[in-house]
Each structure stands twice: as C-alpha cells, then as structure tokens.
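This report describes strand pairing, aromatic contacts and nonpolar packing in a predicted model. The sequence and structure are shown below.

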Amino acid sequence: LKYDVRYDDLNTIGEAAAMLERNPLVHFSELLLGIRQLTPGWSEVAFCPERVEGAIFSGAVPTPFGPIRVECDYTGTTPVLRCEAPDGVRVIRSRA
C-alpha cells in the first residue's frame with residue numbers, strides 16, 4: 001500500500017489532516033503496537049500493546065532518533081513483549 005500525495009495538491013491544512021485521519025496506518029503504531037508519543041520529538045514514549053490472543057505481530061515506529069521496534073507474541077500462556085528503542089528515547093511500560 002503506497003500513497004503518493006503531494007501536500008501542495010491539497011487546498012488546506014484541514015484537507016491534509018482529514019486525509020491522514022482516514023488512513024488506518026497512521027494509527028497502527030498506537031492501536032496495535034502500543035507505542036504512544038508522550039513528549040514532543042519522541043524522547044519519551046509509552047509502551048502498552050493491544051492484547052490479541054493467539055496472535056504474533058511486530059512492527060517499527062520511526063522517530064527522529066531511529067526506529068522503535070516492537071514484537072508481541074500472544075500464542076503461549078505468558079505473553080512475550082519486546083520493545084527496543086534507540087538511544088535518546090525513554091520507554092515507559094504502561095498497562096491497559
């Protein structure tokens with residue numbers, strides 16, 4: 001899935017924001033991977049992935065410091081959750 005939209009093609013900032021809101025990939029990092037930006041510039045994030053019984057998923061969230069990588073495995077009796085953040089990013093583990 002690839003979007004090729006130039007912002008100068010949009011009439012207003014509101015149109016650009018509306019386009020991003022309709023794109024579910026914008027919300028992927030927070031809703032499924034559980035990475036939520038807490039401070040401007042991504043220097044601090046919360047980590048609270050969505051629990052999806054029987055699922056294995058992973059992904060990366062780009063930040064100015066480099067990608068935050070997340071892996072979640074809910075196939076066993078104990079969930080396996082990994083979050084690797086680059087230097088300069090503080091990860092706070094929170095619970096749903």
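## Surroundings of I35

Apart from neighbours within four places in sequence, I35 makes contact with S29, E30, W42, V45, A46, F47, V61, I68, V70 and C83. I35 is also one of the residues with the most contacts inside the largest nonpolar core.

## The largest nonpolar core

The largest nonpolar core comprises 13 residues. Those with the most contacts inside this core are I35, V45, F57, V61, I68 and V70. Strands β2, β3 and β4 are the elements that each give two or more residues to the core, and β4 gives the most, with 3 residues. In soluble globular proteins, nonpolar side chains tend to be buried together.

Strands of a sheet pair through backbone hydrogen bonds, either parallel or antiparallel.

Strand β1 covers residues 35-37 and strand β2 residues 44-47; the two pair in the antiparallel sense over 3 bridges. Within this pairing, R36 stands opposite A46 of β2, and Q37 stands opposite V45 of β2. The hairpin formed by β1 and β2 has 6 residues between the strands, and G41 in this hairpin takes a positive phi near 85°. On the parallel side, β2 is joined by 4 bridges to strand β6, residues 90-93. Here E44 stands opposite R90 in β6.

## The antiparallel sheet β3-β4-β5

Another open sheet of 3 strands has the order β3-β4-β5, with antiparallel pairing. Its edges are formed by β3 and β5, each with a single partner strand, so one side of each is left without a neighbour in the sheet. The twist in this sheet averages 5° from one strand to the next.

Strands β3 and β4 pair in the antiparallel sense over 6 bridges. In this pairing, S58 has E71 of β4 as its bridge partner.

## The aromatic pair

How many aromatic pairs does the structure hold? There is 1 aromatic pair. The rings of F57 and Y74 have centres 6.1 Å apart and planes at 35°, so the pair is tilted. F57 lies in strand β3 (residues 56-61), whereas Y74 lies in the loop between β4 (68-73) and β5 (80-84); the pair therefore ties together parts that are 17 residues apart in sequence. Both F57 and Y74 are buried, and F57 is also among the residues with the most contacts inside the largest nonpolar core.

Why does Y74 count as buried? Y74 counts as buried because its relative accessibility is 4%, and the limit for a buried residue is under 20%.

Leaving aside neighbours within four places in sequence, Y74 is in contact with P49, E50, R51, V52, E53, G54, A55, F57, P79 and L81. For E50, the backbone oxygen lies 3.5 Å from a polar atom of the Y74 side chain. For G54, the C-alpha atom is separated by 5.1 Å from that of Y74, although these two residues are 20 residues apart along the chain.

Terms used
Residues numbered from 1 in each chain as written. Predicted model: local features only at pLDDT ≥ 70, side-chain atom pairs only at ≥ 80, totals over all residues. Heavy atoms only, no water. Pairing = 2+ DSSP bridges. Phe/Tyr/Trp six-rings, centres within 6.5 Å; stacked < 30°, edge-to-face > 60°. Buried < 20%, exposed > 50% of the residue type's maximum accessible area, 1.4 Å probe, protein only. Axes fitted to C-alpha atoms, helices over the stretch in contact; angles between N-to-C directions. Contact = heavy atoms within 4.5 Å. Polar contact = N/O pair within 3.5 Å; in protein donor to acceptor, adjacent residues only side chain to side chain. Core = buried A, V, L, I, M, F, W, Y, C linked by side-chain atoms within 4.5 Å.
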